[in-house]
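User: I'd like to learn how to read charged pairs and strands in a model like this one. Can you walk me through it?

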Amino acid sequence: MCGIIGIVGLEPVNQALYDGLTVLQHRGQDAAGIFTSDGKRLYSRRGNGLVKEVFMEEHMQTLKGNMGIGHVRYPTAGSSSSAEAQPFYVNSPYGISLAHNGNLTNAQGLRKDLYLQDRRHINTNSDSEMLLNVFAQELLKQDAFRVTPDDIFAAVSGVHKRCRGAYAVVAMITRDGLLGFRDPNGIRPLVYGVRDQGQGKEYMLASESVALDSQGYRLIRDIEPGEAIYITHDGKVFTRQCSDKPRYHSCIFEYVYFARPDSIIDNVFVHKTRMRMGKKLAERIMQEWPDHDIDVVMPIPDTSRTSALELAYTLGVPYREGLMKNRYIGRTFIMPGQKQRKKSVRQKLNPLHVEFRNKNVLLVDDSIVRGTTSEEIVQMARDSGAKRVYFASASPPIRYPNIYGIDMPAASELIAHGRSEKEVAHAIGVDRLFYLKLEDLIESVQKGNPRLQQFDCSVFTGEYVTGEDAEYFIELEAQRNDKEKEKSDRKNAAIDLRDSD
């Protein structure tokens, strides 16, 4: 999962891009990058680390121009080397830079085709570089001296025909304008907005509406599945549906975990969705356990807080903050290696013993993935004096890997894979466990926008909208198991050290 942003402004956009990426930092903490254009030349800065670590004052001063794109990276099956920090750039045709959120499931075939048919060399393991080269090749086919909106949209149509998987994209043509588009299933989010500046209008594209809100942009709408938007450097806006078969299959896990609660995605308020999820969880508990002995409800901060509040209110049970979070530790779900994730739990969360002592505690989390974090937190609750520890997950059991840009590991490393609810409860050490039902999760999202009839729920169901074969999953599991990641981390650390010498 990554965060992307693009701006066409009336004045330099370097600070606005920086501020927007900071708001989107929750979507990726591995690397960051910004490319800007003054209409003649391209300026760039990218590297590993948080936004505030990658961009110093001297870097910001070099990012000239009134148009630009930015990216924060969260590594999936690819490398975490600084060479793969986005955006990427190709000089032909026209000079194109591109940043991408998602994952291409036919990346291997694309790499081969790009080399054999298009004579293009891919220099990294990133599917974003492949996506950029596919778009560049499709744009080259238009054979125009100066690019037009029709050329742009024809090229995006070509991308849709060649690329399979999930992709929300911002791209910049150095002398001409800013482009954004989503895959035909609309799996990854992309919105756009406008800001009136008296002498004209400025436009922003971003993964989430909070990036617009924070800088005074008015949300216009989401980019539709398969749709592209092109904004010229002088502020003319063009949109077109570029797919023959667009359909909504939004990633439902955006509402569970990744998106900020103050975001609006596909015209659904994330905060309200999580409130409904909490209420549904409470209703399940009351139905299955009417004589429960829960003394207190506690969220595992931060993503589950909204659901936990509504759950406690519906149950009529006190809500307490029993786990204090260290704000300077990253999200453990995004951490690349098992050892690093496990170490971070104790660094990130510290229990308030007085809130646990001699109480039956219901812990609420947004989801249970590997189960290692949950197990550690349950043990912390018991060590703090809890009599009984119950657990509620604001998502259904995660039993299958995600192939559309979320680093959910190999199926064998998912704690719910091949296990019943009772078996998961035993594995993480709780007295009782409640999962949100899938139909309740879907209803919680749909209530915000009835137009959304289908979702990507593959991590719960194992049904993938792009229809991948068994061979793909065997290859994916080999890439995503923790041993392979730790080996890759060591290799990339050595590469980055060598490059810095």
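Analyst: Let's start with the salt bridge: a side-chain nitrogen of Lys or Arg within 4 Å of a carboxyl oxygen of Asp or Glu. Side chains of opposite charge can pair when their charged atoms come close. By that rule the count here is 26 salt bridges. Keep in mind that this is a predicted model, where local features need pLDDT of at least 70, side-chain atom pairs count only at pLDDT 80 or more, and totals for chains, interfaces and linings use all residues. Residues are numbered from 1 along each chain as its sequence is written, and side-chain values use heavy atoms, with hydrogens and water left out.

User: Which residue forms a salt bridge with R182?

Analyst: That's D266, with the closest N and O atoms 3.0 Å apart. Before placing the two, you need the naming: helices (H or I, at least four residues) and strands (E, at least two) are DSSP runs, numbered from the N terminus. D266 lies in the loop between β15 (264-265) and β16 (268-269) and R182 in strand β8, so the pair ties together parts that are 84 residues apart in sequence.

User: Are D266 and R182 buried or exposed?

Analyst: Buried means under 20% relative accessible area, exposed over 50%, and partly exposed in between (1.4 Å probe, protein chains only). Both D266 and R182 are buried. E468 sits in the loop between α16 (458-461) and α17 (470-480), while R164 is in the loop between α6 (149-162) and β7 (165-173), 304 residues apart. E468 counts as buried because its relative accessibility is 13%, whereas R164, at 34%, counts as partly exposed.

User: What links R27, R188, E208 and E254?

Analyst: A network of salt bridges.

User: Now strands. Which strands pair with β12?

Analyst: Two strands pair if DSSP finds at least two bridges between them. Strand β8 (residues 177-182) pairs with β12 in the antiparallel sense over 5 bridges, and L178 has I231 of β12 as its bridge partner. Strand β13 (residues 237-241) also pairs with β12 in the antiparallel sense, over 5 bridges; there, E227 is partnered with Q241. β12 and β13 form a hairpin with 4 residues between them, and G235 in the turn has a positive phi of about 90 degrees.

User: How many residues of β12 are buried?

Analyst: In β12 (residues 227-232), 6 of 6 are buried. E227, I229 and I231 point one way, A228, Y230 and T232 the other.
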